[in-house]
Amino acid sequence: MTQLKHANHYFWLILVALLMSAPILIGIWASLLPTADIAAGHLTSTNISLANYVAAIQTTPVLRYMANSFIIAILITAGQLVLCTLAAYAFAFLDFRFKKQIFALFLITMMLPFEAQIIPNFQTVRTLGWLDSYAGLTIPFFASAFGVFMLRQAFLQVPNELHEYSQLIGLNHLQFLFRIVLPYSRSTIVTFVLYMFLTHWNDYLWPLITTFTDQYRTTQVGLKQLQAQDTFSNWGVIMATAILILLPTLIVLIIGQCYFRKGLNTGGLKA
Amino acid sequence: MELHNTPVAAPSTTTSGTKGRFLKKTNAALWFLLPSLVILAVFTFYPMIMTAIESLFSTNVRGELAQFVGFSNYAEIFSDPLFLKSLVNTFIFVITAGLGTIALALFLASMVTEKMRGSGFFRTAFASTMGISGAVASVLFLFLFNPSVGVLGILLKDIGVKQNNLVADPTGAMIILVVVSIWMGTGFSFLNLLGALQSVPADYYAVADLAGWSSWQKTWKITIPMVSPTLFFLLVVEIIGKFKTFTEIDLITGGGPDNATNFIAYKVYTDAFGNRNFGIAASEALVLTAIIAFATWFQFRFTERKVYYK
């Protein structure tokens with residue numbers, strides 16, 4: 001009876017896992033097939049090769065775009081981790097004047113769609129001379145109300161006893177932050193870093209309007225151009241480019257998963 | 001309370017501190033908040049104010065303010081059937097995709113947390129959609145739903161549901177966008193809920209088992225109340241995120257067919273950069289902003305009191 005229940009459970013899990021992964025798996029498979037076979041609807045063809053990847057690398061600057069996206073995502077994530085941690089700490093542990101109002105101010109920015117800011121932001125970045133540069137692509141994103149909210153929620157879970165204890169033994173703010181709050185919140189920190197890196201690896205509207213040369217252009221923009229040019233002619237190369245852009249993302253996620261299991265299994269804080 | 005000389009805030013003391021201590025605390029907080037506040041001021045609040053000003057002006061093709069027109073831009077968009085249609089369709093999309101994402105994520109997370117073999121594999125599989133960009137997801141699903149080369153497109157044709165491209169049909173285009181949105185959003189919600197479920201004490205379930213509760217009862221009486229802070233957080237984030245959906249519309253449907261998927265965020269973009277009508281686009285952007293602000297306020301007002309905090 002329990003075995004049957006287990007088998008049933010696994011059946012559904014595997015089915016859903018297959019369905020969820022299918023778009024990626026089919027995409028990877030198609031990227032290995034000659035475009036002629038795809039166009040003829042022969043997805044069961046076994047003429048697999050890396051020819052589409054070679055073509056993508058040779059005919060498009062996709063590697064340069066990937067390097068740019070990588071640099072941008074790293075810079076933004078690092079900047080946000082520092083700024084959001086500091087702000088979240090203040091909201092979670094400090095008492096200060098206008099705390100509620102300032103927190104509301106942060107939350108309000110979560111409600112303000114980026115589309116509503118893009119024209120003035122473009123003008124600001126142009127005035128600063130940051131168009132087509134890493135500064136222009138990263139600095140506007142260094143503050144994140146979403147990140148602050150996420151970290152604050154995690155910091156609030158730190159037990160009061162730990163806070164009181166750290167005050168008793170005379171830890172200052174930074175000591176309390178680094179020795180207790182961050183370790184205690186590490187699964188949220190990992191989620192935060194992964195999410196921010198991936199989000200900005202995937203940025204597309206802002207790079208689209210603020211970059212003009214291949215020196216700073218990012219991956220998503222390249223994919224859009226390729227897709228717009230070649231939709232009906234070269235599925236093989238399009239899929240290969242899409243998978244190339246996806247590959248670092250999947251690697252980061254798998255690394256994150258390993259960390260997650262370790263972190264979660266270690267359990268509570270050993271202070 | 002003042003055993004040490006660092007200005008760590010004492011938890012929940014009343015406002016009885018002296019003025020000196022008060023300033024000390026405020027100063028510390030200022031340094032923690034200042035970097036974020038500066039960036040937000042320059043790249044969020046200033047542009048919002050500029051957009052608000054622009055919405056009260058007519059503009060030339062280069063986006064420069066031409067003439068003050070008061071609220072006539074707003075009057076214009078609210079008498080425009082296209083904009084009203086865009087509003088309705090945006091709501092349909094946000095509600096369907098938002099609730100779908102969280103429901104699927106909770107279902108998956110509750111299936112994986114149980115002590116079981118291969119949970120790592122399933123975690124990776126379900127979280128794998130988290131990092132996928134709108135552009136990549138769009139290309140993958142355009143391929144899947146393509147009626148002549150895609151698996152789903154061919155399937156739909158074979159079982160006689162749809163002969164043409166699903167994207168060419170107003171309902172079909174909406175369905176594809178909802179599917180892509182749920183598929184993309186599930187990973188993040190799943191990971192968060194998984195983390196939250198880990199922190200639910202196993203004893204609670206053990207006691208429930210002794211009391212002979214069904215798994216349905218356990219879900220509603222233990223799991224959901226215990227993960228409610230995370231659910232609340234995800235609800236806010238998902239709804240706001242869906243309202244801002246842009247990339248997939250741009251790549252999959254282009255707002256069509258017949259404006260069925262011309263959601264507000266996309267309409268703002270096309271009115272600004274396509275039609276070069278910045279004043280109209282700015283007022284539409286502020287309507288979008290107002291809707292998102294209201295949704296968020298509504299959620300805070302009516303959800304937070306039911307949320308369980310430690």
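Which residue just after α6(A) takes a positive phi? I looked there and found A:Gly129, with a phi of about 75°.

**Ground rules.** I note that this is a predicted model, in which local features need pLDDT of at least 70, side-chain atom pairs count only at pLDDT 80 or more, and totals for chains, interfaces and linings use all residues. Residues are numbered from 1 along each chain as its sequence is written, chains are lettered from A and ligands numbered from 1 in the order in which they are written, and side-chain values use heavy atoms, with hydrogens and water left out.

**Helix α6 of chain A.** I took helices as DSSP runs of H or I with at least four residues, and strands as runs of E with at least two, numbered from the N terminus. Helix α6 covers residues 118-127, and its buried residues include A:Ile118, A:Pro120 and A:Val125. Buried means under 20% relative accessible area, exposed over 50%, and partly exposed in between (1.4 Å probe, protein chains only).

**The interface.** I found 94 residues of chain B in contact with 95 residues of chain A, where contact means heavy atoms within 4.5 Å. The two chains bury about 8,700 Å² between them, 76% of it on carbon and sulfur atoms. In chain B, the residues that lose the most area to chain A are B:Phe32, B:Phe43 and B:Phe143, together 9% of what that side buries. Buried area is the accessible area (1.4 Å probe) that two parts lose on being put together, summed over both.

**Salt bridges.** I looked up salt bridges next, each being a side-chain nitrogen of Lys or Arg within 4 Å of a carboxyl oxygen of Asp or Glu. A:Lys224 lies in helix α13 of chain A and B:Asp250 in helix α11 of chain B, so the pair joins two chains. B:Asp250 is buried, at a relative accessible area of 15%.

B:Lys85 lies in helix α3 and B:Asp258 in the loop between α11 and α12, so the pair ties together parts that are 173 residues apart in sequence. B:Lys85 is partly exposed at 30%, while B:Asp258 is exposed at 60%.

My last entry concerns B:Lys267, B:Asp271 and B:Glu284, which are linked in a network of salt bridges.
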